[in-house]
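Subject: Structure for you to look at

Hello,

Here is the structure I said I would pass on. Please open it beside this email and follow along; my notes come after it.

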Amino acid sequence: MNIRKETELTPFGTPSPEQLEKINAYAPSALSAEEVFVFSLRLCDDQPDRDDERFDTDALPRLAELFLGKTGITDHNWSAEKQVARIFDTEVCRENGVSSIKAWAYALRAGNDAFVRDIEGGIKKEVSVGCAMAWARCSICGERYGSCAHEKGQLYDGKRCVAILCEPVDAYEFSFVAVPAQRQAGVLKGWKGGESMHLKELAAKGGEEARRELAALELAAALGRDYAAQLKKELIRLSAALGFSVRPPVLGAIADRLTPDELRAVHQALTEKAAEAYGPVTQLPGDLPDGEPKLETDYLI
Ligand SMILES: [Zn+2]
């Protein structure tokens, strides 16, 4: 199963001689300390997150290894797949009973001025980190999660069920993302010793109003996801109908990286193009002989 989590990074600056040595193990040609910029990220830990999932503590050392050498890309440069940073060192840290993976990454200063300036200037970039885990264990009964009757997030004899993610399979490149609106909605700054508090926690502790607000947000988010999925399907269908030679999975991947506004704009443009080509019909193309498979079912991914 693929897991994607968000994290934040901390600027570090110029590498130490030991760090530079590790960096140069990954660089095609030897770099000097002045040429690179170093920052650190906390990739993940073994604490339950807002999805009521957590990484198995025993899985962290292997996961830390898998992240070595992985590159980071910025989301607004997706077409060029511009790689701006690379993880050159990872470490499993244990503090106050919490184990976490800390990573150090470097970026070349040349050509990445804006990126380095943003980080140095303290503009926090959120980082989205992904990995694949083989299976999950139920925290209540220890069985494979999904094979037992327990559901994550539910209480059993006062104990919350959590899916414990086990056996790392792979770690993927990470991306620097603009803070999505949904996340802003999902995470609120509360007063819990100055830490941030998730909306779900607030709703659990707060009154009826907070719970209603959460339910409304969850509904809105679900509707939004449905709408985006529909637009994506339409985009693939229209592209195929218009004879674009880009394969549906590739189109799907592209659609996944568009903002809602961009997705709408592309969909609008394709709809107009299709209307020019076939007339304003809803089933494209409308003149398929009976028995021919419809494009919609052909190109679903
Ligand atoms: Zn169970």
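**What was found**

The protein has nine helices and 13 strands. Please keep in mind that this is a predicted model. Of the 301 residues in the protein, 23% are buried. Among contacts with a separation of 6 or more, 64% are between residues 24 or more positions apart.

**The cores**

Which residues have the most contacts inside the largest nonpolar core? They are L63, F67, I101, A105 and Y106, in a core of 40 residues. Strand β2, which covers residues 36–45, gives the most to this core, with seven residues. Another core lies apart from it and has eight residues, including L238, L251, L263 and V266.

If its neighbours within four places in sequence are left aside, L63 is in contact with F55, I101, C131, P168 and A171. I101 is also one of the residues with the most contacts inside the largest core.

**Strands around β6**

β5 and β6 form a hairpin with two residues between the strands. In that hairpin, N96 takes a positive phi near 50 degrees.

The mean pLDDT of the protein is 77, and 74% of its residues reach 70 or more. Which elements of the protein have the lowest and the highest mean pLDDT? Strand β12 (residues 187–192) has the lowest, at 24, and strand β8 (residues 155–156) the highest, at 97.

Two stretches should be read with these values in mind. Over residues 179–197 the pLDDT stays under 50, and the model has 18 contacts for them beyond four places in sequence. Residues 283–301 also have pLDDT below 50, and this stretch has 24 contacts in the model beyond near neighbours in sequence.

Regards

Notes:
Residues numbered from 1 in each chain as written. Predicted model: local features only at pLDDT ≥ 70, side-chain atom pairs only at ≥ 80, totals over all residues. Core = buried A, V, L, I, M, F, W, Y, C linked by C-beta atoms within 7 Å. Buried ≥ 20, exposed ≤ 12 C-beta atoms within 10 Å, placed from the backbone. Helix = DSSP H or I, 4+ residues; strand = E, 2+ residues; numbered from the N terminus. Contact = placed C-beta atoms within 7 Å. Pairing = 2+ DSSP bridges. pLDDT = per-residue confidence, 0-100.
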